[in-house]
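Thanks for coming, everyone. Please have the sequence and the structure open while I talk.

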Number of protein chains: 2
Amino acid sequence: MYFITGNKGKFEEVKSILGNVEQLEMDLPEIQSIDAHDIIKAKLLEAKKHGKGEYIVEDTSLYMDCLNGLPGPLIKWFLKTIGNEGLYKIADKMGDYGAEARTIVGYSSGEEIRFFEGSVKGKITEPRGTGFGWDPIFRPEGFEKTFGEMTKEEKNGISMRRKALNKLKEFIG
Amino acid sequence: MYFITGNKGKFEEVKSILGNVEQLEMDLPEIQSIDAHDIIKAKLLEAKKHGKGEYIVEDTSLYMDCLNGLPGPLIKWFLKTIGNEGLYKIADKMGDYGAEARTIVGYSSGEEIRFFEGSVKGKITEPRGTGFGWDPIFRPEGFEKTFGEMTKEEKNGISMRRKALNKLKEFIG
């Protein structure tokens, strides 16, 4: 079973949950979509061209209520242009801080692709702390800290990725 | 010479300027980027796999000052989620209505790809009129009407696409 990612941290989390999995670095094209399912599906179909096997691809993105779900999988382009400061400014000006951190995991073992989802609701805040990507502006519901202010252990404890992977683990059995 | 598009209106405009050009409908994957050059380049490389020839691909997008250049080539996803109303609301809440309508034309005749650009500055307004995509919220500088309120002739008269195509025409000679 291969988890396709260039991100060592993500791989470690996946391995800690699924156990029997190997990291596979593969430069897969990312199609344009706001539906993570489409992006993952395209990647899995491309990955399968390289050989038979079980492949896992995931997408973890930030969905803002005031933007009707944007940026979603387009988050990296928002970070490149307006950054966390800009994302916070939009939520603040729009007067709606609601957001969701959502992981979609796609699993392909042959013909079929199955998807598993995990999400965490929260609020967009002024950037606080460090961490990856939009971590500093996302404060999960029921917590005072943003993802950017949490330790790796704290963050993994409420991880949307873990929720999605647990569902995949149950499916694989 | 082939202009790759599924849009008859765009093709008519291109033909009226370049003359000797045929429409080619080809379902090319659109990679994720905020740089239209990257998207066009990927399409031209894909198109060339189908046979030798001269290919033209264009991208016309809306770049908003208050979003530091977004949505750019990601405009279609903004329209799908928040629509013209949402784009106007962002500009209004941010207090910055500046925008640019920009066409990038990519031309490939063999190994090399050349790019030609045309742009029109303007303002984001409340949606007025009809027309394609973001036409109703873009009012070009020096005009009272939005693109959505203009006739085809009025719009073509100040077209960023025409500006880019004229440069290509000059290059081809």
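Predicted model: local features only at pLDDT ≥ 70, side-chain atom pairs only at ≥ 80, totals over all residues.

Asn68(A) sits between β3 and β4 of chain A. Its phi is positive, about 55°, although Asn68(A) is not a glycine.

Now move on to the prolines. Leu70(A) and Pro71(A) are joined by a cis peptide bond, with omega at about -5°. Pro71(A) belongs to strand β4 of chain A, residues 71–72. In chain B, a cis peptide bond joins Leu70(B) and Pro71(B), and there omega is about 0°. Pro71(B) lies in strand β4 of chain B, residues 71–72.

Next, the symmetry. How is chain A superposed on chain B? By a rotation of 180°, with 0.0 Å of shift along the axis and an RMSD of 0.0 Å. The two copies are therefore related as by a two-fold rotation axis. The same surface serves both copies, and 100% of the contact residues of chain A recur in chain B.

On to the interface itself. Chain A gives 21 residues to the contact, and chain B gives 21 residues. About 2100 Å² is buried between chain A and chain B, and carbon and sulfur atoms give 70% of that area. Which residues of chain A lose the most area to chain B? They are Gln32(A), Trp77(A) and Thr81(A), together 34% of what that side buries.

Look at the helices there. Helix α4 of chain A, residues 83–94, packs against helix α4 of chain B, residues 83–94. The angle is about 90°, and the axes are 9 Å apart. Angles of 65 to 115 degrees count as roughly perpendicular, so α4(A) and α4(B) are roughly perpendicular to each other. From α4(A), the residues that meet the partner helix are Lys89(A), Ile90(A), Lys93(A) and Met94(A). From α4(B), they are Lys89(B), Ile90(B), Lys93(B) and Met94(B). By class, the residues of this helix contact divide into four nonpolar, four charged and no polar.

Last, salt bridges. How many are there between chain A and chain B? The count is zero. Over all chains, a search of the whole structure finds 24 salt bridges. Here is one within chain A: the side chains of Glu58(A) and Arg161(A) meet, N to O, at 3.0 Å. That pair links distant parts of the chain, 103 residues apart. Glu58(A) is in strand β3, residues 55–64, and Arg161(A) is in helix α6, residues 160–172.

That is my tour. Over to you for discussion.

Terms used
Residues numbered from 1 in each chain as written. Chains lettered and ligands numbered in written order. Heavy atoms only, no water. Least-squares fit on C-alpha atoms with pLDDT ≥ 70 in both. Contact = heavy atoms within 4.5 Å. Axes fitted to C-alpha atoms, helices over the stretch in contact; angles between N-to-C directions. Helix = DSSP H or I, 4+ residues; strand = E, 2+ residues; numbered from the N terminus. Parallel < 35°, antiparallel > 145°, perpendicular 65-115°, else oblique. Nonpolar A, V, L, I, M, F, W, Y, C, P; charged D, E, K, R; others polar. Buried area = accessible area lost by both parts, 1.4 Å probe. Salt bridge = Lys/Arg side-chain N within 4 Å of Asp/Glu carboxyl O.
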